[in-house]
Amino acid sequence: MKILVLNGPNINMLGIREPGIYGKSTFADLLALIEQTAKDEGIEIEQYQSNHEGCLVDKIQEAYGKFDGIVINPAAYTHTSIAILDALKAVGIPAVEVHISDVSQREDFRQVSYARLACCKTIMGHGLEGYREAILYLKALLEGIIGL
Ligand code: CA2
């Protein structure tokens, strides 16, 4: 089983500012948590972060035929990017949307998620742990233990 974990703009700055919203953990901590989850669960995982919308679209397209699932935190592109939505729809790979913060309790402009329209589940407000939950959810889905 191969899962692609994608992170959008500024996620690489985690832990540097706004600990009240995103916590004190760093991006390196996030990468390590995902690596450990992959090891524990016997899943092959590739991680990719970009500050550029087109690079994220390219990575989603390249996942076609190679990955069984996608975990994606599109960050600010969540609220603006029809291109990421279309790419997720185009590849048709089961995808889970993750947000570190609870975007439902934040500014109005964060209430829209285009990516969500192509995702089978959204996990928000669980901090970095949300990524682990997303991976476990995809694993159960892909193994047929749970349904959509
Ligand atoms: O809660 C999330 O995971 C978000 O996707 C994080 C994005 C934000 O634009 C989304 O609305 C919700 C922001 C990524 C991190 O931005 C930082 C800002 C300041 C300091 C460090 C990171």
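Me: What is V71 in contact with, leaving aside its neighbours within four places in sequence?
Reply: V71 is in contact with I3, L4, V5, L6, V96, V98, Y131, A134, I135 and L138. Contact means heavy atoms within 4.5 Å. This is a predicted model: local features need pLDDT of at least 70, side-chain atom pairs count only at pLDDT 80 or more, and totals for chains, interfaces and linings use all residues. Residues are numbered from 1 along each chain as its sequence is written, and side-chain values use heavy atoms, with hydrogens and water left out.

Me: What makes the largest nonpolar core a core, and which residues have the most contacts inside it?
Reply: A nonpolar core is a set of buried Ala, Val, Leu, Ile, Met, Phe, Trp, Tyr and Cys residues joined through side-chain atoms within 4.5 Å. Buried means under 20% relative accessible area (1.4 Å probe, protein chains only). The largest set has 24 residues, and V71 and Y131 have the most contacts inside it.

Me: Which element supplies the largest share of this core?
Reply: α5 does, with six residues. Helices (H or I, at least four residues) and strands (E, at least two) are DSSP runs, numbered from the N terminus.

Me: How do you know that β1 and β3 pair?
Reply: Two strands pair if DSSP finds at least two bridges between them. Five bridges join β1 to β3 (residues 69-73), therefore they pair, and they run parallel. V5 stands opposite V71 in β3.

Me: Why are β2 and β5 called edge strands?
Reply: The open sheet has the order β2-β1-β3-β4-β5, with parallel pairing. β2 (44-49) and β5 (121-124) each pair on one side only.

Definitions and conventions:
Buried < 20%, exposed > 50% of the residue type's maximum accessible area, 1.4 Å probe, protein only.
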